[in-house]
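Please open the model in your viewer and follow the stops below in order.

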2 protein chains.
Amino acid sequence: MAKVIMKGAEVAAAMKEKLVREVEDLKARGIEPTMDIVRVGAKPEDLAYERGARKRLEGIGIRLVVTELPEDIDQKHFEEEFSKVNDDPKINGIMLFRPLPKHLDEEPVDRMIDPGKDMDCMSPVNIAKVFSGDETGFAPCTPEGVMEMLNHYGIQLKGKRVTIVGRSMVVGKPLAMLMLKKHATITICHTRTADLAGTCRNAEIVVAAAGKAGMITADMVSEGAVVADVGINVGADGKMCGDVDYENVEPKASYISPVPGGCGSVTSSVLAKHVVIAAGRQNG
Amino acid sequence: MAKVIMKGAEVAAAMKEKLVREVEDLKARGIEPTMDIVRVGAKPEDLAYERGARKRLEGIGIRLVVTELPEDIDQKHFEEEFSKVNDDPKINGIMLFRPLPKHLDEEPVDRMIDPGKDMDCMSPVNIAKVFSGDETGFAPCTPEGVMEMLNHYGIQLKGKRVTIVGRSMVVGKPLAMLMLKKHATITICHTRTADLAGTCRNAEIVVAAAGKAGMITADMVSEGAVVADVGINVGADGKMCGDVDYENVEPKASYISPVPGGCGSVTSSVLAKHVVIAAGRQNG
């Protein structure tokens, strides 16, 4: 049996305690940390994320405003509306829900957004900072949530062999850079990796971020490894599941995160942390 | 004995043949591909690089102009002068010699430079593109030179185990991203890696980019591995050498690049390639 089940709720609770105090300090100085969600249309998955984010942010004392734009807005008006939010000194952080409808081009707003207000790493300035290891940039929330989780459970990265399965710009690649900054030795695997099982077995820490239900099986994990599962899939039984065959991997792992209730539950806490940092910086 | 010594001059010659034709095509359309070196002061190493770049670029038919600025120029005038070069429609590519003197801040010009004229990846836009695998960005010349070399000698990357020793923003990290794009499985090592020898032995391709003379010894390379040496050091004997103990590693390798005469000799050809691409794009 795994020594420790890494629970997102525990990490989020610890982060909340610290953030609530920081928000109180800001409010005592007359600053109300505020985030703006920019949402084009009203897709059910966007609304679900929004509800979760609202609950988390408001629970910490952060104000959330939503700028909802019509689904058929044209590029010019979209950029104008985005620019208004970007220029509003009362807004400390911005999160644009992506992907945008197909008729809209995201690139102009990626370049326009104030990097200091960019809460989920859409600006090239923040992407470049994450790549170069400059911690003044805001990393994407999901990989930073993995770092928060490992840190919470006291898992050291320095000198460790880490295998990351998945090379996306939302998880795999930025996580590799964040872990490299902490002096881990990083191997990045993907669908074309010749010996995925062997490469995972060689790791002291395995991060699954490939988006394929049950792909990390027990034979791919060495005894005592740390396993963080960032996958969010719907299994054959219709239930939400990760990338790890949890039932069979759990007994071999020393630390393991479940899905649901694992890494995904930390993401909105990282978002809150970014808003608090941004509000502090924007007010000296 | 290594099957093949990978020689920078051979790669550069093949690249030149293609680039000379492309420059002729541009000139037939009235376009003279032009690069501007922006140099603050006149450090001997900058002048040495400039001579090499001039020889390579002019040999291909590319015009090189140099904007030399006084070493004691202040930030305001430096940015003004840089801006003039950046806005000049006759200049297709820009290379700023770095590091700048200590009293100057590079960040404003990193953000100012037209990404389409940025020949050696100083703009966050190009850094972000390299990170995300968007090939419309200009990668740093040195790691792209390694890719040119491996490609020239027919070395496939798809599915291969590659170990890169070194995590700098000029070689290790961008090279990892370029190779990941070609579907290699990448391990990034560094000074804190616990078992560097074992990690290198596990690789089919080893890239040495740590900047330490002779650190890659024969026991760290598996029989038949490909070894690319990006190091440039001065050895105990006062001679230029790479990161690889060439004499002892060469007999084990299938392909190996020497220093001098290896990867470093390809860098200025990549620079020329970038100028030709930029000149083509800027003229439709």
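**The contact between the chains**

Begin by selecting chain B together with chain A: 29 residues of chain B are in contact with 29 residues of chain A. Please keep in mind that this is a predicted model. The size of an interface is often given as the accessible area lost when the parts come together. Here, chain B and chain A bury about 2700 Å² between them, and 64% of that area is on carbon and sulfur atoms.

Next, select B:Phe131, B:Leu180 and B:Arg192, which supply 24% of the area that chain B buries against chain A, more than any other three residues. How many salt bridges are there between chain B and chain A? The count is zero.

**Two helices of chain A**

Now select residues 8–28 of chain A, helix H1, and residues 44–60 of chain A, helix H2. The axes of these helices come within 8 Å and cross at roughly 50°.

To view the contact, show the side of H1(A) first: A:Ala12, A:Lys16, A:Leu19, A:Val20 and A:Val23. These residues meet A:Arg56, A:Gly59 and A:Ile60 in H2(A). By class, this contact has five nonpolar, one polar and two charged residues.

How values were computed:
Residues numbered from 1 in each chain as written. Chains lettered and ligands numbered in written order. Predicted model: local features only at pLDDT ≥ 70, side-chain atom pairs only at ≥ 80, totals over all residues. Heavy atoms only, no water. Axes fitted to C-alpha atoms, helices over the stretch in contact; angles between N-to-C directions. Helix = DSSP H or I, 4+ residues; strand = E, 2+ residues; numbered from the N terminus. Contact = heavy atoms within 4.5 Å. Nonpolar A, V, L, I, M, F, W, Y, C, P; charged D, E, K, R; others polar. Buried area = accessible area lost by both parts, 1.4 Å probe. Salt bridge = Lys/Arg side-chain N within 4 Å of Asp/Glu carboxyl O.
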